Amino acid sequence: MNTALAWPAEAIWEAVAPRLPGFTVEVLPELDSTNSELMRRARAGQADPVLLVAERQMAGRGRLGRAWQAEPGASLTFSLGLPLAPADWSGLSLAVGVAVAESLDSRIGLKWPNDLWVDGRKLGGILVETAGMGGGGSAGAARYTVIGIGLNLAPRASEGLSTPPAALRDLWPDARAGEVLLRLAPPLVDAVLDFQASGFEPFRTRYEARDLLRGRAVNLSDGTAGTALGVSGQGGLLVHTATGVTTVTSAEVSVRPA
Ligand code: BTN
């Protein structure tokens with residue numbers, strides 16, 4: 001490690017390694033994107049479980065091709081990479097959202113599919129990507145899975161955003177990146193392993209407890225409008241529209257409260 005901030009890498013390793021053999025924690029002062037780095041490594045054949053933290057990301061990526069802006073010290077940006085072979089991948093990013101929200105604060109809600117919100121503003125986001133591991137793409141084959149998480153710790157500039165972002169220090173004035181990571185990494189790993197074993201269904205009621213869209217009018221980026229009814233057993237968003245109940249599963253669709 002060669003960084004300016006204090007990171008409890010050893011404590012994280014001690015908490016996670018018994019559940020994830022071969023696990024390592026890596027903190028780098030600067031990267032383009034922790035997701036991009038782990039995806040590059042996976043494509044080059046590196047498939048060990050790792051928690052990769054960047055103090056500064058030069059080209060952080062969000063969902064739907066958006067950029068993820070984060071200031072060093074004012075945000076926590078990291079990715080968990082590990083091989084996974086669930087029977088059904090649907091709902092993984094929602095399960096991750098549940099684990100992150102539950103590990104941090106009861107006031108954090110979830111906006112489908114996996115945005116973390118506080119007081120009507122976005123606190124953080126999750127970007128899940130996978131790479132093949134030479135299993136030929138057969139059903140049930142393990143894929144290297146990169147779960148990237150960005151959390152605002154301190155308020156940041158909001159130019160270009162329709163709603164100014166929230167920050168964890170709105171909830172905990174002394175929140176520090178290392179402590180936040182130590183708090184959320186072990187439950188995150190547990191949740192991902194539980195998801196691998198049992199899928200999204202065990203997370204569904206926990207998701208519902210934090211679902212910010214349920215009962216609200218929503219507009220989808222594909223032009224559909226309706227009322228959100230909650231999530232399906234596979235993590236799809238159920239929307240009551242003029243033509244009946246539809247299930248939105250595509251990660252390419254964005255949803256806005258109307
Ligand atoms: C979103 O809300 O659109 C998802 C944001 C995900 C951002 C995190 S920061 C760490 C990891 N590396 C990235 O480039 N993106 C994710």
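The model is a predicted one, so local features are described only where pLDDT is at least 70 and side-chain atom pairs count only at pLDDT 80 or more, while totals for chains, interfaces and linings use all residues. Residues are numbered from 1 along each chain as its sequence is written, and side-chain values use heavy atoms, with hydrogens and water left out.

Helices (H or I, at least four residues) and strands (E, at least two) are DSSP runs, numbered from the N terminus. Two strands are said to pair if DSSP finds at least two bridges between them. In general, strands of a sheet pair through backbone hydrogen bonds, either parallel or antiparallel.

S5 and S6 make a hairpin with 2 residues between them, and aspartate 119 in the turn has a positive phi of about 50 degrees.

A second open sheet has 5 strands in the order S11-S10-S9-S8-S12, with antiparallel pairing. Its edges are strand S11 (244-248) and strand S12 (255-257), each with a single partner strand, so one side of each is left without a neighbour in the sheet. Neighbouring strands of this sheet are turned by 45 degrees against each other on average, direction ignored. Strand S9 (residues 225-231) and strand S10 (residues 237-241) run antiparallel and are joined by 4 bridges; valine 231 has leucine 237 in S10 as its bridge partner.

Next comes the ligand. It is surrounded by 20 residues, the closest being Ser33, Gln57, Arg61, Arg63 and Lys122 (a residue is near a molecule or strand if one of its heavy atoms lies within 4 Å of it). Several polar contacts turn up here, a polar contact being a pair of N or O atoms within 3.5 Å; within protein, one must be able to donate a hydrogen and the other to accept it, and residues adjacent in sequence count only if both atoms are side-chain atoms. Glutamine 57 places a polar side-chain atom 2.9 Å from a nitrogen atom of the ligand. Arginine 61 has a backbone N or O atom 2.6 Å from a nitrogen atom of the ligand, and a polar backbone atom of arginine 63 is 2.6 Å from a ligand oxygen atom. On its own the ligand has 420 Å² of accessible area, and the protein covers 98% of that; such areas come from the Shrake-Rupley method with a 1.4 Å probe, and for residues only the protein chains shown count as cover. H2, S3, S6 and S7 are the elements that give two or more residues to the shell around the ligand. S6 gives the most, with 4 residues.

That leaves the charged pairs. The whole structure has 14 salt bridges, each a side-chain nitrogen of Lys or Arg within 4 Å of a carboxyl oxygen of Asp or Glu. One of them joins glutamate 26 and arginine 41, at 3.0 Å from N to O. This pair links distant parts of the chain, 15 residues apart: glutamate 26 is in strand S1 (residues 24-28) and arginine 41 in helix H2 (residues 34-43). Arginine 41 is buried, at 15% relative accessible area, whereas glutamate 26 is partly exposed, at 25%. (Buried means under 20% relative accessible area, exposed over 50%, and partly exposed in between, with a 1.4 Å probe and protein chains only.) Lysine 122 forms another salt bridge, with aspartate 115, the closest N and O atoms being 3.1 Å apart. Aspartate 115 counts as buried at 9% relative accessibility.

Key:
Axes fitted to C-alpha atoms, helices over the stretch in contact; angles between N-to-C directions.
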